[in-house]
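Please consider the chain shown below, first one residue at a time and then as a whole.

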Amino acid sequence: MIRGRPLLTTLACCLLSFALFWCAQRLANVTMIDLMVYRAEGWAARAGADLYAMRATEARLPNTYPPFAALLFMPLTLLGVDEMRTLATAGNLALLVVLVHLTLRLVGRPLWWPRPAVALTLASAAVWTEPVWTTLRYGQINLLLAVLVLWDLSRRPGDAGYRWAGLGIGMAAGLKLTPALFAVLLAVAGTVRGWQRLRGRRTGPPDRTGPASAGRADGTGRTGFWNPLLRQSLTACAAFLGTALLAAVALPRDSRRFWTEVMFSTDRPGLVEQTANQSLRGALARLLHTPDPGLWWAGAAAVVAVAGLAAGTAALLAGLNAWAAVACAMTALLVSPVSWSHHWVWCIPLLVLLGSETLHRSGLRVWRVWRAVTAASALLFCSYALWWVPHTPGARAELRQNGAQMLLSAGYPLCGAAFIGLTAVVAVRALRRRAATAAGAVPAAGAGSGAVTGVGAGSGRRQAVAKE
């Protein structure tokens, strides 16, 4: 039945998993507290109240998002609470399927099964990971942000909407600032690629962005330094500025306060040392037993930011676009002052990518290593291990953790840092292979590819990671 009707069978399995998930969430009596905050922001915007003075729910939670988000949250005020929660849950489940589908598209898999069927199968399992569970528990927008970013990064020449690639990143950054790092990555990689063109150094994969076809690839008619990576970055920046200007016109007082005060209040979202804070700053606060890691965090964040952007840039230039996207996401999550565990829905693209690489590795020893890495990563995000440590609200027990507890509550940051390192290794090897192939030093086997112009991976084609 699966072989004959894969889409129908996987759809039934996915719906069953989602139904069980929905029942489990209702039995757990989830409050979707963040969704209630979004609704309060929408009411404040409608009423002309101070967005950043309001406190919502019994927990008296503040607004931490840019004012543009409040404009998009205004339609929530037209719904009753029960209807809003139902629609938010259904919408997030649909976004999860889209997220998996876009990840498979970016990776260039599968080669022999219908991609929608594989997306439904993986989504039925992914819904039980801790970041996704917590995202739906709180009614968060993390899946929406990831989909907006991946919609851009999975575009390729000839696709509908390719000329607008970058718009999603800009809108995501307008809702929440951290996705802006993807625009920075595109700008850095685009600048390096431009200089390579001008100097005639083709260390990246052969694609349709060369001087002879740059006009066709990016639609600008220009050649030389200008390339699709720079175009996407510029589009993202323009979209982000558009969201800021729209909010400034509609909510001038709130916009002024956010850009001059609120965005610099790194402690506004909550206590830094909470185990739910899976950023580098949160891990250091628990490690050093202090609520303010100070210069230790600033220095570590700078190092991770540079390393993450360097690894992502190398991956983009090597045609490893999925690696670049996930490495940039890991970097953003690590350097952000606060990255709650539900922000780590990027674990889904990470696991899909690692699983894809594992399935297509040759050599028993290498395959076993990749399988172990993939299994360990999946276990981390499915185990809910960060909640095994004392975390009573208000008790600040995280400042008194022992070594084992600190390790459990630092699982996501450690995984993110390890992935950035792995991306750097894979990208450098791919660049060296391609340089040697171009020079005629080694055969081109294994260098074949999903590399395309810009950042979209070719549909149904392999990523440019050779079998090692």
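Ser-356 counts as buried, at 6% relative accessibility; buried means under 20% relative accessible area, exposed means over 50%, and partly exposed lies in between (1.4 Å probe, protein chains only). This serine is found in helix H16, residues 347-359. Helices (H or I, at least four residues) and strands (E, at least two) are DSSP runs, numbered from the N terminus. Leaving aside residues up to four places away in sequence, Ser-356 touches Val-107 and Arg-109, where contact means heavy atoms within 4.5 Å.

The model is predicted: local features need pLDDT of at least 70, side-chain atom pairs count only at pLDDT 80 or more, and totals for chains, interfaces and linings use all residues. Residues are numbered from 1 along each chain as its sequence is written, and side-chain values use heavy atoms, with hydrogens and water left out.

The chain contains 19 helices and 0 strands. Of its 468 residues, 54% count as buried. Among contacts in the chain with a separation of 6 or more, 74% are between residues 24 or more positions apart. Leu-316 and Arg-193 are 123 residues apart in sequence, and their C-alpha atoms are 9.6 Å apart in space. Leu-316 lies in helix H14, residues 295-317, and counts as buried at 3% relative accessibility.

Asp-254, Ser-255 and Phe-258 are buried in H12. Seen down the axis of H12, these buried residues fall within an arc of 100 degrees, so they line one face of the helix; the arc is that of the directions from the helix axis to the C-beta atoms. The buried residues of H12 pack against helix H3 (67-73) and helix H11 (228-250). On the other side of H12, Arg-256 and Thr-260 are exposed.

What of the surface? The chain exposes about 20,000 Å², and carbon and sulfur atoms supply 67% of it. Accessible areas come from the Shrake-Rupley method with a 1.4 Å probe; for residues, only the protein chains shown count as cover. Leu-16, Leu-20 and Trp-128 form a nonpolar patch on the surface, with about 300 Å² of accessible area together. Patches are made of residues with over 30% relative accessible area and no salt bridge, with like charges joined within 9 Å and nonpolar side chains (Val, Leu, Ile, Met, Phe, Trp, Tyr) within 5 Å; a salt bridge is a side-chain nitrogen of Lys or Arg within 4 Å of a carboxyl oxygen of Asp or Glu. Trp-128 lies in the loop between helix H5 (115-126) and helix H6 (130-138), and is partly exposed, with a relative accessible area of 32%.

How many disulfides does the structure hold? There are 0 disulfides, a disulfide being a pair of cysteine sulfur atoms within 2.5 Å. For Cys-13, the nearest cysteine sulfur, that of Cys-14, is 8.7 Å away. The sulfur of Cys-347 is 7.6 Å from the closest cysteine sulfur, in Cys-382, which is too far for a bond. Cys-13 is partly exposed at 46% relative accessible area, whereas Cys-347 is buried at 0%.

Finally, the backbone deserves attention. Most residues other than glycine have a negative phi. Met-32, however, has a positive phi near 50 degrees; Met-32 is found in the loop between helix H1 (6-27) and helix H2 (33-47) and is buried at 1% relative accessibility. Thr-57 has a positive phi near 70 degrees. Thr-57 is in the loop between H2 and H3 and is partly exposed, with a relative accessible area of 30%.
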